[in-house]
Amino acid sequence: EWSDVFIDGNSLGYAIGSAPNTGSSDDNTIWEVFYSMAVTDNITVTPALFGSEADAANTDAIGGVVKTTFKF
């Protein structure tokens, strides 16, 4: 994770790893990329993309999420 990317208070990060071994020889790599934006001192919005490599049906799984954090 890198702090103060593009604007002070924002951060950019990524993660890569592998899912638990299921006994198959398929690639089980999983990944995530996110960018955390400080909207105000008390509100942070973090969109993220995540996915995994091809499964037995030879399809990649890709998803997204938006997390909003409120600090009181």
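Tutor: F6 is exposed, with a relative accessible area of 73%, where exposed means over 50%, buried under 20% and partly exposed in between, using a 1.4 Å probe and protein chains only. This is a predicted model, in which local features need pLDDT of at least 70 and side-chain atom pairs count only at pLDDT 80 or more, while totals for chains, interfaces and linings use all residues. Residues are numbered from 1 along each chain as its sequence is written, and side-chain values use heavy atoms, with hydrogens and water left out.

Student: How many aromatic pairs are there?

Tutor: The count comes to two aromatic pairs, taking rings of Phe, Tyr and Trp (its six-membered ring) whose centres lie within 6.5 Å, with planes under 30 degrees apart called stacked, over 60 edge-to-face and the rest tilted. W2 and Y14 form a stacked pair, at 5.8 Å centre to centre and 20 degrees between the planes. That pair links strand β1, which holds W2, with strand β2, which holds Y14, the two being twelve residues apart. W2 is partly exposed at 47% relative accessible area, and Y14 is exposed at 54%. F6 and Y35 form a tilted pair, at 5.9 Å centre to centre with 55 degrees between the planes.

Student: And Y35, is that buried or exposed?

Tutor: Y35 is buried, because its relative accessible area is 16%.

Student: Switching topic, how many helices and strands are in the chain?

Tutor: The chain has zero helices and five strands, where helices (H or I, at least four residues) and strands (E, at least two) are DSSP runs numbered from the N terminus.

Student: Which way do β3 and β4 pair?

Tutor: Strand β3 (residues 29–38) and strand β4 (residues 43–52) are antiparallel over seven bridges, pairing being called when DSSP finds at least two bridges between two strands. The two form a hairpin with four residues between them, and A38 has T44 in β4 as its bridge partner. β4 also runs antiparallel to strand β5 (residues 61–70), joined by ten bridges, and there T44 stands opposite T69.

Student: Where is N10, and what does N10 touch?

Tutor: N10 lies in the loop between β1 (2–3) and β2 (11–18), and counts as buried because its relative accessibility is 6%. Leaving aside residues up to four places away in sequence, N10 touches W2, S3, D4, V5, Y35, S36, M37 and A38, a contact meaning heavy atoms within 4.5 Å.
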